[in-house]
Amino acid sequence: MAGATVKPTPLLKDELDIVIPTIRNLDFLEMWRPFFEQYHLIIVQDGDPSKIIKVPEGFDYELYNRNDINRILGPKASCISFKDSACRCFGYMVSKKKYIYTIDDDCFVAKDPSGKDINALEQHIKNLLCPSTPHFFNTLYDPYREGADFVRGYPFSLREGVPTAVSHGLWLNIPDYDAPTQLVKPRERNTRYVDAVLTIPKGTIFPMCGMNLAFNRDLIGPAMYFGLMGDGQPIGRYDDMWAGWCTKVICDHLGLGVKTGLPYIWHSKASNPFVNLKKEYKGIFWQEEIIPFFQSVNLSKECTTVQHCYIELAKQVKDKLSQVDPYFTKLADAMVTWIEAWDELNPSGDDSAKPANGTAK
Amino acid sequence: MSQISINHDEVDIVIGALQLDLKSFMEEWRPVFSLFHLIIVKDPDLKGELEIPAGFNFDLYTKSDIDGVVGSSSNAISFSGYSCRYFGYLMSRKKYIISIDDDCIPARDSAGNFVDAVSQHITNLSTPATPFFFNTLYDPFCKGADFVRGYPFSLRSGVDCGLSCGLWLNLADLDAPTQALKPELRNTRYVDAVLTVPARTMMPVSGINIGFNRELVGPALLPAFRLAKEGNLRWETVEDIWTGMCVKVVCDQLRLGVKSGLPYVWRKERGDAIESLKKEWEGVKLMEDVVPFFQSLRLSTSAATAEDCLSEIAAVVKEQLAPANPVFARAAETMVEWVKLWKRVQTQ
């Protein structure tokens, strides 16, 4: 039965890192100070490493620029994108914490319909600490939320749920549209506050946005590779999409849950749609093939860890998507490099090398 | 939500009357119901005269009408209790049917506005559904929303929507054990979203507040799954859950969509969960078998109509579930009889 009492949400301040990719100063953190100040930040500086990134006083952080990434990973640094926010996944790799929250530097605190500031991080933590229900859809959304429960007809054997690996938050104001949609609807703003968290059903993939995202690094970290984007690559703005498709397939295989919905942040900046179009236009064609690929992926029962699943996925990407474009051969190789780098930085005995919760399906 | 212009001639509102006094129910809904044709079906077990206020355009069906139409199949198909509404579906010739339990009144949204549930169901049914890929901003066709980055363009036309499942404020559709354990629990959360339930994802469809496209999925809304001690409270039945899964399987097979979310209705207090709990747990126990069954059900590629799908489902139920419990054997029989009845009546 879903919990009836409301316990305060634990801070998890020593178990969670906030990963922020940036090329500019982090003044946006001032607005987040009441909610972020107690946490450790991992800042991944993209672009020119000689630029100094100003972080507001009082935040505890470690910062990595491109020189650091090259130094730490050596030749394996080739898997980390340059001149694209995809480089943020380096932060996931070097973190030693159980949970990650990642946010873009143009995302601010939103207000709920009552006018109250939304503590996005607290909601993500609630989402991650609470089970997911991917095996059967609950029409009242998250059954574990205060004021909700499982509806009539929901089997009792499924009411314990499964561990939550990912919490995908949403955005008020500038919605996460692709370039064509932005060009057609430049003034559209998301003003609808949908007061729900829901589990994305097993077998269903989704477009995961990296702007306001939290995950359990122990459960799913190695799957959160944000791909090869930006400088020297034929594509951009598909980093989080790629990570999301891989992550969901692996979560489905390992019996983990992915939630979407609350919390909202306020997305303030609309990037230039013409620039976006140039970056993503290949993706718009390629996603027609990529989606069916992920929808029909089958991972073998022997894959019981995230790393094994990911390596097998990389093989299938190389086998089946290379015919779409040679880029996918490079990407498949980079996926393997990523796992090698992950395992090097997170040697066994460490959580991510242990079999994930739940058995492979 | 964006409102589209509704052709009132395309809609029937079907009300199953499980209580004699429909006056307050109909008065609450008057602003909406008075614009449409209604089909009121009186529970054949209910004795006495229905009280229906003036000013509505309706057809009323009672036990004698049911017996007259159904004739010899009346052995297999029971229209008692909540199942009486299915007779209304059988009699309708309209494209869209909206059906709301007679203990539900209009809700108010977060701004305090009257929720026109009928209009919202029709909007849901007449705008495309998107079952093949999940949109994180929910319904992309509603005003102020769209498909998000990463959504394949080839999937953006969507498919027809077969079923619209609404929700309930106040008394949510929880089962008896849950409500008995949390007697104070009331649903006060108005979630301003409609979403398409993904293909191949099963869900519990509550019959309390639904709309459907009769032309596309009509026969799939059938009275088949009767508990041994079925009662006149939703806590004492799971017939709609069974029916809903049949509809979902049919929609998945025919590449139609099922939506869930808005509209809300306000469900009034009725009955006592603990009293219902003291009766059988049968429905709750049976779900353990029903859900996995429907999740793994695969129909043949030749099943191209709702009727074909139902016949196949009935055959598999008979083969796989019937041996375990007579409820399933009866359900399979009833489904077969219903399809015959539907075909006969619809061609008249």
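Phe274(A) sits out in the open: its relative accessibility of 58% makes it count as exposed (buried is under 20% relative accessible area, exposed is over 50%, and partly exposed is in between, with a 1.4 Å probe and protein chains only). This comes from a predicted model, where local features need pLDDT of at least 70, side-chain atom pairs count only at pLDDT 80 or more, and totals for chains, interfaces and linings use all residues. Residues are numbered from 1 along each chain as its sequence is written, chains are lettered from A and ligands numbered from 1 in the order in which they are written, and side-chain values use heavy atoms, leaving out hydrogens and water.

Phe274(A) belongs to helix 8 of chain A, which covers residues 273–295 (helices, H or I of at least four residues, and strands, E of at least two, are DSSP runs numbered from the N terminus). Together with Leu183(A) and Val184(A), Phe274(A) makes a nonpolar surface patch with about 320 Å² of accessible area. Patch members have over 30% relative accessible area and no salt bridge, with like charges joined within 9 Å and nonpolar side chains (Val, Leu, Ile, Met, Phe, Trp, Tyr) within 5 Å. A salt bridge here is a side-chain nitrogen of Lys or Arg within 4 Å of a carboxyl oxygen of Asp or Glu, and accessible areas come from the Shrake-Rupley method with a 1.4 Å probe, only the protein chains shown counting as cover for residues.

Helix 8 of chain A also turns up in the second largest pocket, where it gives the most to the lining, with 3 residues. That pocket holds about 870 Å³ of space. It is lined by 33 residues, and the closest to its centre are Arg24(A), Ser85(A), Asp104(A), Ser271(A) and Lys279(A). Strand 1 (16–22), helix 7 (239–254) and helix 8 of chain A each put at least two residues into the lining. On a 1 Å grid over the protein atoms alone, a pocket is an open set of points with protein on both sides within 12 Å along at least five of seven lines, and lining residues have an atom within 4 Å of a point. Grid points are joined across faces, edges and corners, and the volume is the space filled by probe spheres set on them.

Over in chain B, strand 6 (residues 161–170) is largely enclosed by the rest of the structure, because 10 of its 10 residues are buried. Strand 6 of chain B pairs with strand 9 (residues 257–267) of chain B in the parallel sense over 9 bridges (pairing takes at least two DSSP bridges between two strands), and Cys161(B) stands opposite Gly257(B). Strand 6 of chain B also runs antiparallel to strand 8 (residues 209–213) of chain B, joined by 3 bridges, with Cys165(B) partnered by Ile210(B). Strand 9 of chain B contains Pro263(B), and the peptide bond from Leu262(B) to Pro263(B) is cis, with omega near 10°. In chain A, the bond from Leu262(A) to Pro263(A) is cis too, with omega near 10°.

Two non-glycine residues of chain A have positive phi. Lys83(A), with phi near 60°, is in the loop between helix 2 (66–73) and helix 3 (89–94) and is exposed at 51% relative accessible area. Arg237(A), with phi of about 65°, is in the loop between helix 6 (217–220) and helix 7 but is buried at 14%.

Methods
On a 1 Å grid over the protein atoms alone, a cavity is a set of points where a 1.4 Å probe fits but cannot get out, and a pocket is an open set with protein on both sides within 12 Å along at least five of seven lines; lining residues have an atom within 4 Å of a point.
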